Amino acid sequence: MPSMPKSLFWTRTDTAGAEHVLFDDARGLAACGTMLAVDPIQWTGRYQVSTDPDWASTRVEIEVEGTGWLRSVRLERAAGRWRVTTAEQGDLDAAL
């Protein structure tokens with residue numbers, strides 16, 4: 001029987017912001033979450049993390065965006081090697 005995901009939500013203490021994650025840790029970890037903050041600029045991030053049943057990481061994806069910019073990174077492990085893919089759009093320096 002598939003397990004229902006668990007949910008955690010917390011607020012930041014260093015600036016106005018919060019994070020919410022849904023995760024299933026029945027056979028390793030599968031998690032996806034959203035985070036947001038307002039300082040030094042307003043931004044929102046989304047992530048996904050996966051492990052195998054022994055809790056060795058197999059995939060991590062992160063995407064962060066704000067007004068006029070977006071950055072992402074994906075790390076995937078296959079056959080004992082990691083592959084990294086990055087992308088960027090917009091002008092983060094201008095936003096800062």
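Start with the largest nonpolar core: select Val21, Phe23, Leu29, Ala31, Met35, Ala37, Ile41, Trp43, Tyr47, Val64 and Trp69, which are its 11 residues. A nonpolar core here is a set of buried Ala, Val, Leu, Ile, Met, Phe, Trp, Tyr and Cys residues joined through side-chain atoms within 4.5 Å. Buried stands for under 20% relative accessible area, exposed for over 50%, and partly exposed for what is in between (1.4 Å probe, protein chains only). S2, strand S3 (30–37) and strand S4 (43–51) are the elements that give two or more residues to this core. S3 supplies the largest share, 3 residues. Strands (E, at least two residues) and helices (H or I, at least four) are DSSP runs, numbered from the N terminus.

Before moving on, two notes on the source. The model is predicted, so local features need pLDDT of at least 70 and side-chain atom pairs count only at pLDDT 80 or more, while totals for chains, interfaces and linings use all residues. Residues are numbered from 1 along each chain as its sequence is written, and side-chain values use heavy atoms, with hydrogens and water left out.

**Strand S3 and its partners**

Select S3 and colour its two faces. Ala31, Gly33, Met35 and Ala37 make up the covered face, and Ala30, Cys32, Thr34 and Leu36 the uncovered one. On one pairing, S3 runs antiparallel to S2 over 8 bridges; two strands pair if DSSP finds at least two bridges between them. Gly17 has Ala37 in S3 as its bridge partner. The hairpin of S2 and S3 has 5 residues between the strands, and Gly28 there takes a positive phi near 85°.

S3 is also joined to S4 by 8 bridges, again antiparallel. Find Ala31, which stands opposite Val49 in S4. These two strands form a hairpin with 5 residues between them.

Now pick Leu29 and show what surrounds it. Not counting residues up to four places away in sequence, Leu29 touches Phe23, Asp24, Val49, Ser50, Thr51 and Trp55, where contact means heavy atoms within 4.5 Å.

**The sheet as a whole**

Zoom out and show the cartoon. The chain has 1 helix and 7 strands, in the order β-β-β-β-β-β-β-α from the N terminus. The 7 strands form an open antiparallel sheet, ordered S1-S2-S3-S4-S5-S6-S7. Strand S1 (6–11) and S7 are the edge strands, each pairing on one side only. Neighbouring strands are turned by 10° against each other on average, direction ignored; the axes are lines fitted to C-alpha atoms, for helices over the stretch in contact, and angles run from 0 to 180 degrees between N-to-C directions.

For scale, the C-alpha atoms fill a box of roughly 45 × 30 × 20 Å along the principal axes. Of the 96 residues, 23% count as buried.

**Two threonines**

Is Thr15 buried or exposed? Thr15 is buried, at a relative accessible area of 14%. Its place is the loop between S1 and strand S2 (17–24). Leaving out residues up to four places away in sequence, Thr15 touches Ala37, Val38 and Asp39.

Next select Thr85, in strand S7 (residues 81–90). Thr85 counts as partly exposed, at 32% relative accessibility. Beyond its neighbours within four places in sequence, Thr85 is in contact with Ser72, Val73 and Arg74.

**Salt bridges**

Last, show the charged side chains. A search of the whole structure finds 9 salt bridges, each a side-chain nitrogen of Lys or Arg within 4 Å of a carboxyl oxygen of Asp or Glu.

- Arg12 and Asp14: the closest N and O atoms are 2.6 Å apart. Arg12 counts as partly exposed at 28% relative accessibility, and Asp14 as exposed at 58%.
- Glu63 and Arg46: the N to O distance is 2.7 Å. Glu63 lies in strand S5 and Arg46 in strand S4, so the pair ties together parts that are 17 residues apart in sequence.
- Asp52 and Arg77: the closest N and O atoms are 3.5 Å apart. Asp52 is in the loop between S4 and S5 and Arg77 in strand S6, 25 residues apart, and the pair links these distant parts of the chain.

Finish on Arg59, Glu61, Arg74 and Glu76, which are linked in a network of salt bridges. Within this group, Glu61 has Arg74 in S6 as its bridge partner. Strand S5 (residues 57–66) and strand S6 (residues 69–78) are joined by 8 bridges and run antiparallel.
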